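Please read it beside the sequence and the model.

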Amino acid sequence: MRGAEIVGIGSYLPERVLTNADLERMVDTSDEWIVTRTGIRERRIVADGEATSDLAARACETALVDAGIDRADVDLLVLATSSPDMIFPSTAALTQDKLGLDCAAFDAMAACTGFIYALYAAVTAVESGRAGTVLVVGADAFTRFVDFDDRSTCVLFGDGAGAVVVAASDTQGVLHVDLGADGAGAGILSIPAGGSAAPCTVERCERGEQYVRMSGNEVFKFVVRAIPETTRRALEASGLGVDDVRWIVPHQANQRILDTIADRLDVPHERVCSTIEKTGNTSTASIPLALDHLYTSGDLAPGDVVALVGFGAGLTWGTAVLRWTKEAP
Ligand code: UT7
């Protein structure tokens with residue numbers, strides 16, 4: 001069977017750093033609370049005039065250089081985001097223009113699981129023979145949808161982008177993708193206003209409904225139940241067990257969640273990749289950012305099995321099992 005593999009990877013973080021000390025000056029919080037409850041020490045914030053498509057384009061540029069492929073060879077761009085530049089046109093189309101690509105482009109929306117859904121679309125297109133080379137990017141300027149007067153959410157999120165180039169291969173670089181969704185859980189994590197159900201009005205905006213709302217505890221409970229299940233399912237479908245995995249790369253939402261996932265899967269905490277300290281929760285960007293961190297740190301070698309694990313609003317979840325094929329840079 002024709003396979004698909006990751007042949008290039010890149011990421012981008014905006015320049016501005018927002019530390020916990022900065023947040024202490026903005027809301028009633030403390031570095032101690034944020035570090036103990038989340039593991040986050042700092043996050044990056046988009047500049048004025050910078051949008052999700054700008055972050056996406058920067059990450060894609062690096063991934064294309066890493067892949068060493070010509071832009072003309074890209075057949076499709078799939079972009080995952082929770083903070084599109086606007087409702088339409090798609091952020092994928094805006095990114096495609098910024099990159100000067102001549103290819104189809106669409107957005108994949110599954111909140112923080114978006115990168116896994118986008119990867120699934122890319123791998124399916126490549127394995128079926130409908131596309132040869134696909135750019136997959138997770139990009140978020142999610143802080144634009146955060147109320148910086150709400151201490152329960154504003155300490156959690158940051159901005160960034162990560163991209164991979166998926167190309168046809170004789171080997172199976174992506175062994176399996178497990179996806180799931182449960183819309184009955186929509187109410188525990190959402191941006192209530194700004195869509196067709198509740199268009200932005202002055203009243204809604206005065207109530208802050210254009211910003212993210214989250215029942216943190218409910219999300220936490222869902223995540224620690226659903227994530228070990230999807231990870232195990234995806235590994236089993238790949239003919240592998242947890243002990244075969246070199247790295248689990250989960251969505252970076254909370255260090256306590258990463259530790260609980262490690263415990264429930266019975267893997268050493270050191271094998272669960274964590275970058276949350278420096279980035280916070282970057283929504284769709286967090287998994288490719290963490291994967292790129294492992295790659296550029298020289299912590300990924302050909303043959304390594306990697307489980308990328310996403311979860312988020314929807315509710316949605318998903319795991320992609322990779323057999324890494326690239327040499328360290
Ligand atoms: O990417 C999407 C997926 N999202 C997630 O996976 C998030 C999952 N949830 C979480 O990570 C955690 O639930 C949070 C980090 C969001 C919250 O941690 P928690 O341990 O569940 O805290 P809590 O919401 O139960 O709040 C505990 C206390 C409350 O005070 P009282 O009622 O006990 O007096 C909050 O008001 O902490 C208070 N609190 C804060 N205190 C200082 C909430 N936010 C803050 C803050 N600084 N920033």
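**Backbone geometry**

Ala111 sits in the loop between strand E5 (104-108) and helix H5 (114-127); helices (H or I, at least four residues) and strands (E, at least two) are DSSP runs, numbered from the N terminus. The model is predicted, so local features need pLDDT of at least 70 and side-chain atom pairs count only at pLDDT 80 or more, while totals for chains, interfaces and linings use all residues. Residues are numbered from 1 along each chain as its sequence is written, and side-chain values use heavy atoms, with hydrogens and water left out.

- Phi of Ala111 is near 50 degrees, a positive value in a residue other than glycine.
- Ala111 is buried, at a relative accessible area of 19%; buried means under 20% relative accessible area, exposed over 50%, and partly exposed in between (1.4 Å probe, protein chains only).
- Asp266, in the loop between H9 and H10, is not a glycine but has a positive phi of about 60 degrees.
- Asp266 counts as exposed, at 66% relative accessibility.
- A cis peptide bond, with omega near 0 degrees, runs from Phe88 to Pro89, and Pro89 belongs to the loop between strand E4 (76-80) and helix H4 (91-99).
- The peptide bond from Gly314 to Leu315 is also cis, with omega near 0 degrees, and Leu315 is in the loop between E12 and strand E13 (316-323).

**Salt bridges**

- Nine salt bridges are found in a search of the whole structure; each is a side-chain nitrogen of Lys or Arg within 4 Å of a carboxyl oxygen of Asp or Glu.
- Asp22 and Arg25 form a salt bridge through their side chains (2.7 Å, N to O), and Arg25 is exposed at 66% relative accessible area.
- In the salt bridge of Glu277 with Arg41, the closest N and O atoms are 3.0 Å apart.
- Because Glu277 lies in helix H10 (residues 276-279) and Arg41 in the loop between helix H2 (31-38) and strand E3 (42-45), this pair ties together parts that are 236 residues apart in sequence.
- Glu277 is partly exposed at 39% relative accessibility, and Arg41 is partly exposed at 41%.
- Asp304 and Arg246 form a salt bridge with their closest N and O atoms 2.8 Å apart.
- Asp304 is in the loop between helix H11 (286-296) and strand E12 (305-312) and Arg246 in the loop between helix H8 (216-237) and strand E11 (247-250), so the pair ties together parts 58 residues apart in sequence.
- Asp304 is buried at 12% relative accessibility, whereas Arg246 is partly exposed at 34%.

**Thr153**

- Thr153 is in helix H6 (residues 151-154) and is buried at 2% relative accessibility.
- Leaving out residues up to four places away in sequence, Thr153 touches Val146, Asp147 and Val212 (contact means heavy atoms within 4.5 Å).

**Largest pocket**

- The largest pocket has a volume of about 1,300 Å³, the space filled by probe spheres set on grid points joined across faces, edges and corners.
- On a 1 Å grid over the protein atoms alone, a pocket is an open set of points where a 1.4 Å probe fits, with protein on both sides within 12 Å along at least five of seven lines; lining residues have an atom within 4 Å of a point.
- Of the 50 residues that line the largest pocket, Phe142, Phe157, Leu189, Ser190 and Val212 are the closest to its centre.
- H8 gives the largest share of the lining of the largest pocket, four residues.
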